[in-house]
Amino acid sequence: MREQPWLFETFDVRDIPWMPIGNFPTPIHRLENLEKFLGYDGIWIKRDDKSSNIYGGNKVRKFEFVLADAKRKNAKWVMSFGGLGSNQTLALTIYASKLGMKTISVLVYQPITEHVLKNLWLMHYFGSHISYAGNVPRAVLKAIWHILTKRKLYVVPVGASSPLGTLGYVDAMIELKKDVDEGRAEMPRAIFVAVGSCGTYAGLLVGKKLLGLDDVKIIGIAVSKDSIKTKERVLKLARKTYKLLKEHASVPEVKIDENDIIIDDNYLGRCYGDPTRESVKAVILLKKLENVELETTYTGKTIAALIDYARRGIEGPILFWNTFNSVDLSYAFKEMDYKKMPKNLWRFFMMERAEKKIEEEVNKEVEKELREAGFEV
């Protein structure tokens with residue numbers, strides 16, 4: 001583990017909480033089989049799925065700052081929010097427990113997929129107190145109740161996307177430049193990344209501005225409705241993050257405005273968590289071509305967008321920033337029994353998975369396309 005973030009080295013950061021949690025830099029390499037399949041030259045992947053040997057994904061970078069702050073404030077409990085299959089509340093449960101803190105996961109409904117059920121079980125398995133609310137108004141009421149009844153409770157916002165957590169992806173953009181400068185990769189003309197709580201995108205944007213990478217587009221693939229509001233949240237969070245840095249570091253003067261932000265909501269589907277045909281197909285395709293595991297809520301929709309942009313001739317090189325986890329947690333599923341969980345969660349395990357209806361058909365379609373492209377299936 002490194003002694004300090006690249007951010008601290010680059011801009012002489014002072015008095016910002018941080019602790020080493022992940023393994024950085026994460027790998028970066030070309031997706032050569034996907035390039036061959038698409039007939040496109042220059043598709044790269046940044047492997048934040050390998051950000052830790054415990055549990056990977058984009059939250060690790062954020063938690064290096066957020067959980068350091070929680071420890072500094074002597075928190076006994078940490079609470080956060082998400083959908084039933086939230087990667088963030090699961091990641092928080094795992095890392096907070098390693099630091100001796102208990103976790104409360106306030107969850108709302110999302111379409112039931114295999115990934116959702118696995119994450120829900122893992123939250124229980126790793127010791128989270130699961131507080132199912134159903135919808136956002138009830139989640140607010142439950143959160144208030146926990147705040148009033150728990151001593152030394154630290155609240156982590158959705159996605160750990162506070163200005164402090166967002167610094168993790170300012171640091172990540174500096175890491176990408178190091179990858180390029182040290183010959184591990186080409187500088188992309190476009191970066192594709194999922195946008196949910198906006199912290200990952202906002203951090204990359206602030207890092208891009210600080211480093212003067214004006215030729216790099218960051219294309220955010222929305223996972224929830226209303227791209228205008230998403231753009232507003234990104235802008236607000238990016239400006240707050242930059243302000244935090246100015247208070248604690250020697251950073252150049254930059255201007256961040258809405259013209260810097262590209263949000264595409266054409267790959268969303270009906271709602272948050274909806275496993276679209278394109279996202280299911282992209283997940284299957286990347287697994288078969290590159291042995292990279294994705295899911296249909298965030299990363300599947302993002303790689304589906306990248307594939308579409310590549311087919312339409314976007315100028316490369318292009319980079320897919322993989323924000324999922326690839327650490328094998330199969331040992332935890334050997335004990336999987338939903339009846340060990342709170343009773344109000346049982347019904348979700350008896351529902352039909354939302355992606356099941358299209359998986360078989362799409363799988364056959366992918367195999368046919370791969371054979372036609374000269375790949376062994």
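Among contacts in the protein (heavy atoms within 4.5 Å) between residues at least 6 apart in sequence, 79% join residues at least 24 apart. The structure is a predicted model, in which local features need pLDDT of at least 70 and side-chain atom pairs count only at pLDDT 80 or more, while totals for chains, interfaces and linings use all residues. Residues are numbered from 1 along each chain as its sequence is written, and side-chain values use heavy atoms, with hydrogens and water left out.

Along the principal axes, the C-alpha atoms fill a box of roughly 60 × 55 × 40 Å. The accessible surface comes to about 16,500 Å², and 49% of it belongs to carbon and sulfur atoms; these areas come from the Shrake-Rupley method with a 1.4 Å probe, and for residues only the protein chains shown count as cover. Of the 377 residues, 58% are buried, where buried means under 20% relative accessible area, exposed over 50%, and partly exposed in between (1.4 Å probe, protein chains only).

The protein has 13 helices and 10 strands. These are DSSP runs numbered from the N terminus, with helices being H or I of at least four residues and strands being E of at least two.

Four of the strands make an open sheet in the order S5-S4-S3-S6, with parallel pairing; two strands pair if DSSP finds at least two bridges between them. Strands S5 (129-134) and S6 (153-155) sit at the edges, each pairing on one side only. From one strand to the next, the twist averages 25 degrees, with axes as lines fitted to C-alpha atoms (for helices, over the stretch in contact) and angles running from 0 to 180 degrees between N-to-C directions.

Strand S3 (residues 77-83) has seven of its seven residues buried, so it is largely enclosed by the rest of the structure. S3 pairs with S4 in the parallel sense over seven bridges, and glycine 83 stands opposite valine 108 in S4. Between S3 and S4 the chain passes through helix H4 (residues 87-98), and this β-α-β crossover is right-handed, that is, with the strands pointing away from the viewer, the path from the first strand over the helix to the second runs clockwise. S3 also runs parallel to S6, joined by three bridges; here methionine 79 has valine 155 in S6 as its bridge partner. Further along the sheet, S4 (residues 102-108) and S5 pair in the parallel sense over five bridges, with leucine 107 partnered by tyrosine 132 in S5.

Strand S7 (residues 190-195) is mostly covered too, with six of its six residues buried. Both of its faces are covered: Ala190, Phe192 and Ala194 lie on one side, Ile191, Val193 and Val195 on the other. S7 pairs with strand S8 (residues 217-222) in the parallel sense over six bridges, and alanine 190 has lysine 217 in S8 as its bridge partner. The chain gets from S7 to S8 through helix H8 (residues 199-211), in a β-α-β crossover that is right-handed. S7 also runs parallel to S10, with three bridges joining them, and alanine 190 turns up here as well, opposite isoleucine 318 in S10.

The loops hold some backbone details worth a look. The peptide bond from phenylalanine 24 to proline 25 is cis, with omega near 5 degrees, and proline 25 lies in the loop between helix H1 (6-11) and strand S1 (28-30). Another cis bond links glycine 316 to proline 317, with omega near 0 degrees; proline 317 is in the loop between helix H11 (299-311) and strand S10 (318-322).

Positive phi values come up as well. Aspartate 12, in the loop between H1 and S1, has phi near 50 degrees, a positive value in a residue other than glycine, and at 44% relative accessibility it counts as partly exposed. Asparagine 74, in the loop between helix H3 (59-72) and S3, has a positive phi of about 60 degrees although it is not a glycine. At 52% relative accessibility, asparagine 74 counts as exposed.
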